Amino acid sequence: MDWYEFLFVIEVAVGGLLSGVMYSLVAIGFVLIYKTSGVLNFAQGAMVLFAALTFVSLVERGVPFALALVITLLIMGLLGLAIERTVLRPLANRSPMTLFMATLGLAWVIEGGAQLIWGTQVHALDLGISNAPFEIGGIFISNFDLVAAALALALVVVLTSFFRFTRTGLSFRAVADDTFAAIAIGLKLNRIQAAVWTAAGVVALVAGLLWGARLGVQFSLSLVVLKALPVLVLGGFDSVPGAIVAGLIIGASEKLAEVYLGPYVGGGIEGWFAYVVALAVLLIRPQGLFGRKITERF
Amino acid sequence: MTGLALSEPALQPERRSFASRIAPVTPVTASAAPALQLSGISLAFGGIRALKDVSFDVRPGEIRAVIGPNGAGKSSLVNVISGLYRADTGRIVLGGESFAHVPPGRLPGLGVARTFQNLALFPGLSVAENIASGLVFRRPAFAWLPFLPASRREGRATAIRVREIAAFLGLEAHLPRLVSTLPFGLQKQVELARAMIADPRLLLLDEPMAGLTGTEKAAMAAHIRAIRDRLGLSVILIEHDIGVVMGLSDRIVVLDHGEVIADGRPDEVRRDPEVIRAYLGPDAAPLAGAA
Amino acid sequence: MSLAVEAPARPLLTGQRLAILALLALAFLGVPAFASPWTIEAILLPFLALSLAGLGLNLLTGYAGQVSLGSAAFMAVGAYAAFNIQLRLGLPLPLTFLFASTTAAAVGVIFGLPSLRLKGFYLAVSTLAAQFFLQWLFNKFGWFSNYSASGVISAPVLGFAGITFDSRESRYLLALTTVTLITIFVHRLVNGPARINLIAVRDNETAAKVIGVPVLRTKLAAFALSSAIIGIAGVLWSFTYLRTIEPEGFNLDRSFQILFIAIIGGLATLRGAFLGAGLIVVFPLLLSRGSAWIFDGGLDAGSVQLTQRIVLGATIVTFLILEPNGLSSILDRVTARVRSLMGRT
């Protein structure tokens, strides 16, 4: 391999890592809810679509950028609260699989609702981030990807410090660790769940804006869940660091495979390659890279 | 209890004949090869050492109690014997074979059956089906497919055997019911029936009395003794309640903090100062009546 | 076996059996004679194919407890296998069905392998690999669709023993016969010795392993049988209903649809698959008729479709909250009520 080829590999890998961060961003929304409610929230993708569509429609109707952001945030919070109240609470104490199926139904409702309200056409979303690539040491990096990655990392830092250092955050973790104990010491489970769903809505907004700016805001935005699922499986459903590391692994390996393996099989492998990577790892570590090891009691 | 003898040729186990084991159990001779031998079993979860160098044996036809306070490692021990946990060190000799880890799927073939501390029945099946599930391991290949004469034969033979066991434990009236609709005490007996149906040589009972009422405890104790007396199998009885096992067991192992602190006949164990300390604290008086 | 201890000699014609026989007579004789072409084409043919798919998934998810999100991919395997067997080998119809289902079973076992180590959501997500990989495979390699330029192939007319299944009624009868036979097989299977294996694995895998139920073999057998049945459902879907085959028809939405059929109908019941499929097929038709009537055609097709999606999603959530055991248990309650009313008079 000569030098230029080597640089090309690095460039592909870096591009992959950066888009991997975008996968992690969606995955974190899942992790938040899974940690506190034990639900794999399939509607997360629909929430991403809903957030982006609401924001872009507001902006198109002449609402200033900042105000649109605030309004969308409020709407996402309300949506999260509504979901918690109408779907999760009546289904408390039911099997995780039942809850998962309910979020599948929920995904259809939110997707349909978002498009019914705001229409089905594709909206361009300009966040004012330049998409021009720049060069570092012979490698071209997309400016947009870099900014997106930085934003995603900032979000992670905010979330992590929230969990570590605030009272509400600590009670989140208590609920995640032991729901019964948390109730026993008087934590208000409903309020915490509502807060988590709101937080997931906020994460959905950030993901929706970044993904929307890249792909255009349209129905297919809700399909980013399908990108996030293998990341979740690989990282473990209950681990924020896991979601990030797995996102990076999957982003990079997917891009490399696309470039080096794709041509041999006719391309288009990005739809399933991530799943194969995740599966291969899972066969060795069934609880994912960072998931809690399940110690069963008999 | 000769009614428990197998009447169907299809169900004859490949291992040594059932009839030879029905002989009434006479005082256990020390010379007989042990039904189970544990040597140097250690197990740790992360930093916590659940079992430290545990060794003891179980003689054929013996009721061997393993007692100890909560967290002493009793359940870990059963799970090591039944292969659900993998011991870090030590050997387990079962049915003439020596294992570092017993493959759980092979247990019935080795003549070992167990019950669980928290019921592990199949709520979606009837009582009869739950009991019958203990015989699935012996089913010939493909006998699960419908429309095969072999499947039908197997089904009939199993049904007969299920009735025998149910009659022995007084569960006949409940056979068609969904097992999850039974009261807890009866569910415990169904689990015992499931463990017994394949004529094990070694029965592991993980806290069979837990959650039972006084009357139910007495009935369960009677069942356990009857099973041993009539079938001559060995029983490992896990209990945290020291009173229950005193009258029931031949020899008792006492675990504390994962270590064997005493091993002997009930009256020896009862007087053992270590045991008294473990159970009642350092300043306690000897266990006067021991319940 | 259901281990009907002392199996009391049951009368040959119980009420339930009579009802089923009457229903079959109606389906085999009444429908071809009296049903409108629209009823057969738009309702009964998709209903039969989807019922069968629901039945296959129910075997895996309802009985063996393994959730799959990739059912549509196995329908595709069945459909493409049947197409290529007819095209390249020209085998008679029963053999085509047999080999198509065997192919689906083999693929099902491969994608069922992760179930030996993974559980719950980890397994559910891993079945998506089947969905995306197989859909990609049929799209990417022209061989599967005989290098058709558009990727959409028209399914050849099936024929056997001098009968060609070309007319609407004959396609209907072929589908009905297939579904009936497979349902009888599955009924015997889940009420026979296999019942214990399947439900033991579903209800308590650890206990199942310790008492010697062959857990791994049971799981793989469930994947194989379920995929084989869903594969046949794919054959019916493309050969008797749509009469075309294209990968897009077997996408993730179809997989979810089949999952919903199994859940809304009632897991671990056979009639649940039929009730669920009935609802999923008829409901959208009712909705579009209803909206046409309410809005007097004022709603465009796109909005109608979105509304359908919303209503269907909401229905699923409502069902899960109010009736977790599905339509099947509603039917149980209704028949019990009718019986007690009849008994009183």
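How many residue pairs are in polar contact across the interface of chain C and chain A? In this predicted model, 3 residue pairs are found there, both residues of each pair being at pLDDT 80 or more.

**View 1. The interface of chain C and chain A.** Chain C contributes 38 residues to the contact and chain A contributes 49 residues. The two chains bury about 3900 Å² between them, and carbon and sulfur atoms give 80% of this area. Phe121(C), Tyr122(C) and Arg309(C) supply 21% of the area that chain C buries against chain A, more than any other three residues.

**View 2. The salt bridge between chain C and chain A.** The count of salt bridges between these chains is 1. Arg309(C) is paired with Glu111(A) in a salt bridge, and the closest N and O atoms lie 2.8 Å apart.

**View 3. The side of chain C that touches chain A.** Helix 5 (120-140), helix 10 (252-265) and helix 12 (301-322) of chain C each supply at least two residues of this side. Helix 12 of chain C provides the largest share, 12 residues. By class, this side of chain C has 27 nonpolar, 6 polar and 5 charged residues.

**View 4. Helix 1 and helix 9 of chain A.** Helix 1 (residues 3-37) packs against helix 9 (residues 224-235) at an angle of about 75°, and their axes are 8 Å apart. The two helices of chain A are therefore roughly perpendicular. Residues of helix 1 that meet helix 9 include Tyr23(A), Phe30(A) and Val31(A); among their counterparts in helix 9 are Val224(A), Lys227(A) and Leu232(A). The residues of this contact comprise 11 nonpolar, no polar and 1 charged.

Notes: Residues are numbered from 1 along each chain as its sequence is written. Chains are lettered from A and ligands numbered from 1 in the order in which they are written. This is a predicted model: local features need pLDDT of at least 70, side-chain atom pairs count only at pLDDT 80 or more; totals for chains, interfaces and linings use all residues. Side-chain values use heavy atoms; hydrogens and water are left out. Contact means heavy atoms within 4.5 Å. Buried area is the accessible area (1.4 Å probe) that two parts lose on being put together, summed over both. A salt bridge is a side-chain nitrogen of Lys or Arg within 4 Å of a carboxyl oxygen of Asp or Glu. A polar contact is a pair of N or O atoms within 3.5 Å; within protein, one must be able to donate a hydrogen and the other to accept it, and residues adjacent in sequence count only if both atoms are side-chain atoms. Helices (H or I, at least four residues) and strands (E, at least two) are DSSP runs, numbered from the N terminus. Ala, Val, Leu, Ile, Met, Phe, Trp, Tyr, Cys and Pro count as nonpolar, Asp, Glu, Lys and Arg as charged, and the others, Gly among them, as polar. Axes are lines fitted to C-alpha atoms, for helices over the stretch in contact, and angles run from 0 to 180 degrees between N-to-C directions. Angles under 35 degrees count as roughly parallel, over 145 as roughly antiparallel, 65 to 115 as roughly perpendicular and the rest as oblique.
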